Amino acid sequence: MEIVNQSFTLDYDYPVIFTAGVFDPVNPVFSRVVNRLESDRRHRLFFVIDENVSRAHPQLHTRIPAYAEARPQELELVCEPLDVVGGEAVKADLRQVLTLVETMNRLGLDRQSFMVIVGGGAVLDAAGFAASIFHRGVRVIRVPSTVLAQSDSGVGVKNGVNLFGKKNFLGAFSPPFAVINDRSLIETLAHRDKIAGIAEAVKVALIRDRPLFEYLEKNASELARGEAEPLHHQIRRSAELHLEHIRSSGDPFEFGSARPLDFGHWSAHKLESMTRSRLRHGEAVAIGMAVDLVYSVRAGFLKRRVLNRVLSLLRNLGLPVWDEALSTTRGGQRVVLEGLTEFREHLGGTLHISLIRDIGDSFEVTEMDDRLLFDSIEWLRHSFGRVGAGVAETELPQ
Ligand SMILES: NC(=O)c1ccc[n+]([C@@H]2O[C@H](COP(=O)([O-])OP(=O)(O)OC[C@H]3O[C@@H](n4cnc5c(N)ncnc54)[C@H](O)[C@@H]3O)[C@@H](O)[C@H]2O)c1
Ligand SMILES: [Zn+2]
């Protein structure tokens, strides 16, 4: 036997920039970002825009071409900015990805060309996936347009689309060329989506940053009203914490099974599929965290008062902690529990679920007790569901 060992490392670096009015004629950020590596050539750009962002910011369709025309030595648009379906629908239909790939082929994009994606987490995921498989990957600049995408999904290294009713079943690890968080885009976001996005800040605070949790508590009523300043502060801090985690976890491409950023997500992903996206991702994450927190109290990992504190925060922010879909059964089994099996299949091998011992202090378990989970969901139903609200059948340990 002869073995030739292969080993190399790659460094990735990309800026995450916070600005306002990124396509204002005088804002230099975008052209600086595009020229970041090669300032001596003209760059080809393919713009993909979430249809709901286009609807809310129709001026983008004139501003973006005007921005490029004002810099003819540096920027060339390969076509008019292209609108794509917004929201989870774009991830639920592979034809959306294929259409983008066909368009890139027709436009003759090469591996040095840029796809610039302006949109929510769903559009960033789907268009980003198309960009990562076209010619094995073209450069992507993300311009996230939702609270969730600016603070979490848009700043990370993953993309994906849903298949066979499973979230993110196809996808790739593909760090962006750059991320530009434009605060003026958030203004037009529906109130519900502003609030839903805060769930990921609660998540990252719970697993690694008590001060952010305290900030969210202190500013809960302003945040619940959608006030801009605290909203942007938590976006900034949450983005930093997500970036820090990816950078320092030692496993940015998730080769191992530990997945702390997926706290509350095993049931959240299942709830999103079960409700056919009636629940937003952030709302499902809030409910998923509630399930895992009640479970943690039942399993003796977490103090009851910490659970109360987190549930109060979620509710004060206007996030749900219960949905009737949690009650759905098939063959006597709670359907949501299939989420655990799907999560295990996704990870491969051993199940790894992140839980917390306290605010900012996460740890991993490799199994969850079905009976305790069932009881935890029952407790939530009795406490927050339509039937028997406020009357918990079984007491929780302190
Ligand atoms: N890749 C990752 O690492 C990662 C991480 C977390 C979440 N996600 C994914 O992100 C998705 C959720 O993203 P989201 O919360 O941004 O929701 P979303 O993309 O579904 O957007 C919510 C709605 O707001 C619209 N919209 C977007 N920006 C707008 C704006 N500025 N003004 C008006 N309307 C606007 C969208 O068209 C959509 O209808 C889920 O699919 C989730 O799985 C991915
Ligand atoms: Zn998430």
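How many residues of the shell around ligand 1 are nonpolar, polar and charged? The shell has nine nonpolar, 15 polar and nine charged residues. Here Ala, Val, Leu, Ile, Met, Phe, Trp, Tyr, Cys and Pro count as nonpolar, Asp, Glu, Lys and Arg as charged, and the others, Gly among them, as polar.

Some housekeeping. This is a predicted model, where local features need pLDDT of at least 70, side-chain atom pairs count only at pLDDT 80 or more, and totals for chains, interfaces and linings use all residues. Residues are numbered from 1 along each chain as its sequence is written, while chains are lettered from A and ligands numbered from 1 in the order in which they are written.

Back to the ligand. Domain 1 (16–186) and domain 2 (191–384) both give residues to the shell, so ligand 1 lies between them; the bounds come from an automatic or database domain assignment. Helix 5 (121–133) gives the most to this shell, four residues. Helices are DSSP runs of H or I, at least four residues, and strands are runs of E, at least two, numbered from the N terminus.

Now helix 4, residues 94–106. Its buried residues are Val 97, Leu 100 and Met 104, buried meaning 20 or more other C-beta atoms within 10 Å of a residue's own, and exposed 12 or fewer, with C-beta atoms placed from the backbone. Seen down the axis, the buried ones fall within an arc of 60°, so they line one face of helix 4; the arc is taken over directions from the helix axis to the C-beta atoms. The face turned away carries exposed Arg 95, Leu 98, Asn 105 and Arg 106. Just after helix 4, Gly 108 takes a positive phi of about 65°.

Terms used:
Expected span 1.5 Å × (residues − 1).
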